[in-house]
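Colleague: I am new to this entry and would like to learn how to read it step by step. Could we begin with the terms and then go through the features in turn?

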Amino acid sequence: MLSLRHDLRLPLRRDEKARADFVSGLRRHVFETVAGEMRRDYGRAVAPRLAADAEPETIHAAMRGREAFQFYSALRVSSQEMVYQAIRPAIERAGDALQRKAAALAAAGGGGAKAAAPLGSLTLDPDLEVPRSVSAIDIHLSPGSYVEEYAEDDLAVGAVYDNRLAVSTFGVFGPNLDDIGQSLARFVRARHPGFAPRRILDVGCTVGHNTGAWKDVYPEAEVHGIDVAAPCLRYASARARSQGRAIHFRQMDAEALAFPDESFDVVFSSMFLHEVPRKGIPKVLREAHRVLRPGGLMLHMELPPADQLSAYDSFYLDWDGHYNNEPFYRAFRAMDLRRIVAAAGFAPGDYLQHVVPSWSALGEDAWRAAVDAPEAPVASEKTGRLSTGIRWFCFGAWKR
Ligand SMILES: C[S@@+](CC[C@H](N)C(=O)[O-])C[C@H]1O[C@@H](n2cnc3c(N)ncnc32)[C@H](O)[C@@H]1O
């Protein structure tokens, strides 16, 4: 699972590779087999005792005493910690080498020594105040969160994010870890063939996995990625350059974008809003509305909202809000998306949401057939749930 497709790939020893593959396999087992056993235990022993309209938290309270839940939870936490343990020695051993590679890529302009012009750009803002929601906690147990710097010009936590995603998602995110971006950008192109965005913005882009996908799908567009985390952006820029993609990365707060009004045709995010405190989300959406041109599209890939899932599936997704250091997760899932999109300035009737099949799982032809078929329901075990055959939930609006 740890075979990254770029020059910042870590040289792994045989035992490290084996450990990473083992942890990936364990994660698949937990998210698929053990989760399935917990679901069956609920159906057999817990659901018959609860009211038909039991809330997710009632299910949580009832499940806490069940061995199936405790076993699942213990394995989820242990396997999460094992992901970081599996990748950490190689990142520590790499030390300055990662920085040297990034510097070499920047000096060469990226895309190899023969590149005619610098590929994209990296602009950091040392005066930016990083929100405490990012700096004060190791989100999803990630050591150093997104922002810890262990040396000058450090990018280690970017490497942690990239490598840990490869291990922890056991192939579901595609070989380049960009299946969300590939699936959503292709979906937009398939449904709106006349739409030709000139400028695309990915907010909360981390190391740019899904930012790059938009460049693949719309190569003529100028693609930008912003994040508050400098080490992740250093890594993102070097990664994009080594993959030959011209992307402009800039350190910026999504709640106060330093871009002019009406300067983008797409504002996109993936797995971002559920890590923003509840009071920040309206600001992010208002900023998206402000920087979009009329006719532009705001599109966020996210966890499906609680009001569109069964109580059990909501309980299942909310697990991370209780046990995986995801403090904003449940508040986000409880939001009325239609209302917050309208409150950001979009016309109330223009709210949209989709369930998009995974492009890298299906391959182009089957994916295209799936996109042309009636859309899968949000209320399905496959929507937004880490497992083989995942479908991505997204929501947003076109700006008038
Ligand atoms: C789960 S990651 C997003 C993953 C990424 N979009 C991807 O597809 O791989 C959340 C990111 O949001 C960033 N972030 C959190 N609050 C932010 C804010 N107010 N403005 C910009 N970035 C923020 C974090 O630094 C982190 O990189």
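Modeller: Let us begin with pairing: two strands pair if DSSP finds at least two bridges between them. Helices (H or I, at least four residues) and strands (E, at least two) are themselves DSSP runs, numbered from the N terminus. What you see is a predicted model, in which local features need pLDDT of at least 70, side-chain atom pairs count only at pLDDT 80 or more, and totals for chains, interfaces and linings use all residues. Residues are numbered from 1 along each chain as its sequence is written.

Colleague: Which residue in strand 4 is the bridge partner of Ser-121?

Modeller: The partner of Ser-121 is His-248 in strand 4, and this belongs to a parallel pairing in which three bridges join strand 1 (residues 121-123) to strand 4. His-248 is also the bridge partner of His-224, and strand 3 is joined to strand 4 by five bridges, again running parallel.

Colleague: Is strand 4 largely enclosed or open?

Modeller: For that we need burial: a residue is buried if 20 or more other C-beta atoms lie within 10 Å of its own, exposed if 12 or fewer, and partly exposed in between, with C-beta atoms placed from the backbone. Four of the five residues of strand 4 are buried, so the strand is largely enclosed by the rest of the structure.

Colleague: How do strand 6 and strand 8 pair, and over how many bridges?

Modeller: Strand 6 (residues 292-302) pairs with strand 8 in the antiparallel sense over six bridges, and one example is Glu-302, whose bridge partner in strand 8 is Phe-393. Strand 7 (residues 351-357) also runs antiparallel to strand 8, joined to it by seven bridges, with Leu-352 having Gly-396 as its partner there. Strand 8 (residues 391-398) is mostly covered, since seven of its eight residues are buried.

Colleague: How should I read the chain as a whole, and how many helices and strands does it have?

Modeller: The secondary structure comes to 15 helices and eight strands, and the C-alpha atoms fill a box of roughly 65 × 55 × 45 Å along the principal axes. The radius of gyration is taken over C-alpha atoms, and the globule rule is 2.2 Å times the number of residues to the power 0.38. With 400 residues, a compact globule would have a radius near 21 Å, and the chain agrees because its own value is 21 Å. Of the 400 residues, 46% count as buried. Two residues are in contact if their C-beta atoms, placed from the backbone, lie within 7 Å; among contacts between residues at least 6 apart in sequence, 77% join residues at least 24 apart.

Colleague: Which residues have the most contacts inside the largest nonpolar core?

Modeller: In soluble globular proteins, nonpolar side chains tend to be buried together. A nonpolar core is a set of buried Ala, Val, Leu, Ile, Met, Phe, Trp, Tyr and Cys residues joined through C-beta atoms within 7 Å. Here the largest such core has 105 residues, and those with the most contacts inside it are Ile-87, Leu-184, Leu-201, Cys-232 and Val-267. Not counting residues up to four places away in sequence, Ile-87 touches Ala-20, Val-160, Asn-163, Arg-164 and Val-167.

Colleague: What covers the buried residues of helix 8?

Modeller: Helix 8 (residues 209-217) has eight of its nine residues buried, including His-209, Trp-214 and Val-217. Among the elements that cover these buried residues are helix 7 (179-191), strand 2 (199-203), helix 9 (230-242) and strand 5 (264-270).

Colleague: Where is Phe-170 placed, and is it buried or exposed?

Modeller: Most residues other than glycine have a negative phi, and most peptide bonds are trans. Phe-170, however, has a positive phi near 40 degrees, and its place is in the loop between helix 6 and helix 7. Phe-170 counts as buried because it has 22 C-beta neighbours inside 10 Å. Asp-153 also has a positive phi, about 55 degrees, and lies in the loop between helix 5 (132-135) and helix 6 (156-168). Asp-153 counts as partly exposed because it has 13 C-beta neighbours inside 10 Å.
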